[in-house]
Each structure stands twice: as C-alpha cells, then as structure tokens.
Amino acid sequence: MKKIGLALVFIPLISSCTYTSNNMVNNSWFADADKYTVGSFSISFENISKIEINWIAGSLKIQKSEDGKISGSENGTDLLPDESLRYYVNEGTLLIQFCQSLYNKPIDFKKKQANVFLPDGLRWDMNSVSSSFSSDDGIVCTKAAFDSVSGDVDVSNLDCPEVKLDTVSGSVDLGLTPSMKDISVSTVSGDVDLGLNSQTMAVSFSTVSGSFSSECEYSMTNGKYVFGNDECEAEVDTV
C-alpha cells in the first residue's frame, strides 16, 4: 500500500478529560451515570444505530463481530467497579465509558486494553485522550468519527463512505477503501498517512508549517492533489 504523508508542528491544547503521568484519572462528568451497567457485555444490536465510546487511556481495538452481537471487554480482571468500563443504551445509541463519571483516582492503564466487537451497519463516534484506536477487520459502518488528543488512530479496511479524524498530537494512519467518498482529517502536530490501494482521490491540504509528500504520482487541479481522478474527496487541515 502506497501512502501520502503529511508532517506537522505542535501547539498544545487542553482537554476537559485528562490524566497525569502517575495514572491519575480526572474523568469528566457524563449524564445518567446511575443507568450504566458495569463490566464486560454481549448484547443484541437490535434498535441500536450508533455507538459512542469515550476511552481515556490504554488502548481500544474495534473488531468485527462474528455472532451478530455487540460485545466489549477489557483485559484487567481485578479492576474496582468504579475503574471498570460501563455501558448504557439510550435512544438507539450504545454508550461505552472508560470508568465512572467524575472518577478522580489512579488507574493502572495496562489493565485498560479494551476490545469491542461490532456488527456491520452502525455509526461510530470514538473519543480518546491518550488511548490508541485500531481497527482492521473490514467492518461496514454508515459514518465514522475519531477524536483524540495524543492517542494514535490506526484504521484500515474500514468500509465507510464518510470518515472524520481529529487529533492534537496523535498520529493518523488511515488505509483507504473504495467505499470512502468523504474524508476529513484535522490535526495540530500529529503525522497523517493516507494509504492508497486502487482507489483514486483528490486531497485538499491546508497547513501553516506542515509539509506534503507522496509515494504516488499525482497532478495538481484547482489547488488539489489529484491521484487518478476525484472519486474520493479528502480534506486535511493542519497547523
């Protein structure tokens, strides 16, 4: 897979959901905290159209469900209830939280390696502070959004027409698929790699001090980097 590379510079931002180097968590408030179920789960996706995951640290891997259900777990087996993942279905959206609302104590992030198995056909909304996101199982989704502070996002084989990625310093590695028609990437200091297979695309690249490089041949048309033709539109904004 050939890649388009973009190199950027850093301006620090502050998140409302942060942690310190000693694994101290300062989790933000979320609504209906008393309605969440704590721990690993496996549920039917009937009447669920969207999944929202708020994962602070550790890692989050999205894999394809083989049994038609939505399931999730983390590797830590001795986490306290307030430290553990929790989930709640509200008006067609499955919400997954890293830990209890307003939790403000240390957590061993090595025990917060989460795996979530999803069927095809959902809308994704993934949010992180330092947790990495990864997915490479060829899942079909209607729309995908990834929002991260310093966590890396590594996604390939995602069958999705619209993908949006926002980071501060986390890197983005997105393997493009023919189904992708609208891609938006916004970052402050994270590197961005867009991997091309056989599809063609037009890239709008806006930057203050970043740079553009490509292993693939391209032409310039109306200020856009065009690879083949413009079947896929990608917009990349950097500082």
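**Close-up 1. E233 and its partner K224.** E233 is partly exposed, at 28% relative accessible area (buried means under 20%, exposed over 50% and partly exposed in between, with a 1.4 Å probe and protein chains only). Its side chain meets that of K224 in a salt bridge, 3.2 Å from N to O (a side-chain nitrogen of Lys or Arg within 4 Å of a carboxyl oxygen of Asp or Glu). K224 is partly exposed too, at 26%. The model is predicted: local features need pLDDT of at least 70 and side-chain atom pairs pLDDT 80 or more, while totals for chains, interfaces and linings use all residues. Residues are numbered from 1 along each chain, and side-chain values use heavy atoms, leaving out hydrogens and water.

**Close-up 2. K143 and E162, a link between strands.** Here's another salt bridge, at 3.6 Å from N to O. K143 sits in β14 and E162 in β16 (residues 162–167), so the pair ties together parts that are 19 residues apart in sequence. Strands are DSSP runs of E, at least two residues long, numbered from the N terminus.

**Close-up 3. K35 with D32.** The closest N and O atoms of this salt bridge are 3.7 Å apart. K35 is partly exposed at 47%, and D32 is as well, at 30%.

Close-up 4. Twelve strands make up an open sheet with mixed pairing; two strands pair if DSSP finds at least two bridges between them. β4 (37–38) and β22 (219–221) stand at the edges with a single partner strand each, so one side of each has no neighbour in the sheet. β20 (residues 201–206) and β23 (residues 224–227) pair antiparallel over three bridges, and M201 stands opposite F227.

Technical notes. Helix = DSSP H or I, 4+ residues; strand = E, 2+ residues; numbered from the N terminus.
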